[in-house]
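Colleague: I would like to learn how to read the side-chain contacts in a model like this. Please give me the general idea, then the case at hand.

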Amino acid sequence: MSDFEHIKNQYIEFWKVSGGEKVFKTKGTSMLPLIRESSSIGVEPLAQGEELKVGDIGLFNRSDCFIAHRIIGKVRKGNTLYYTEKGDHGLSVTTITRDQIVGRVVRIYTDKGTIYLRDPFWSIVNSVAGYYWQFLIESFNFVSRLKKQLLGGKTFPVISNAYSRLYSFLAKLPTLIFRHK
């Protein structure tokens with residue numbers, strides 16, 4: 001572990017113990033349109049034993065940066081809790097452990113005002129978005145496994161193209177809600 005990593009981890013642990021909201025400036029487009037590149041996010045550390053829920057936006061510690069993405073699933077294997085996360089704008093899904101979570105995004109500060117994610121409206125919208133992603137990805141994974149089982153390695157370009165277009169269309173639906181915030 002580099003000196004930077006060691007200092008960063010110490011800072012995170014100190015902040016988690018002391019509590020309170022910490023504001024981070026955002027960079028990147030993976031959570032568009034809800035979190036824009038010029039926004040800031042308010043993050044609160046999770047209390048001891050607290051877990052993120054499907055739909056929550058968590059801040060994760062990766063080796064070279066922090067990433068804020070939506071939780072779309074979780075599973076416990078043995079003593080380890082794993083979260084499935086993805087950005088609203090992208091199609092990539094990854095799995096992280098509870099140890100990688102820095103905190104929960106509770107506010108989004110934009111040039112148009114502040115979005116309070118704990119408000120009932122945003123709690124419902126975020127939960128629906130999280131479960132929507134979970135359903136969409138699981139459905140398409142099921143169809144892919146079924147196709148492979150039934151057709152093996154055969155490809156049908158017209159069907160594959162339609163399948164890709166349908167997935168792209170359905171993947172854009174949740175972002176329509178966030179455009180009207």
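Predicted model: local features only at pLDDT ≥ 70, side-chain atom pairs only at ≥ 80, totals over all residues.

Colleague: Is D88 buried or exposed?

Modeller: Buried means under 20% relative accessible area, exposed over 50%, partly exposed in between (1.4 Å probe, protein chains only). D88 has 1% relative accessibility, so D88 counts as buried.

Colleague: Which side chains make a polar contact with the D88 side chain?

Modeller: A polar contact is a pair of N or O atoms within 3.5 Å; within protein, one must be able to donate a hydrogen and the other to accept it, and residues adjacent in sequence count only if both atoms are side-chain atoms. R70 joins D88 at 2.8 Å.

Colleague: How many residues has the largest nonpolar core?

Modeller: Such a core is a set of buried Ala, Val, Leu, Ile, Met, Phe, Trp, Tyr and Cys residues joined through side-chain atoms within 4.5 Å. Here the largest has 18 residues.

Colleague: How many salt bridges does the structure hold?

Modeller: A salt bridge puts a side-chain nitrogen of Lys or Arg within 4 Å of a carboxyl oxygen of Asp or Glu. The structure holds ten. One of them joins E51 and R76, with the closest N and O atoms 2.9 Å apart.

Conventions: Residues numbered from 1 in each chain as written. Heavy atoms only, no water.
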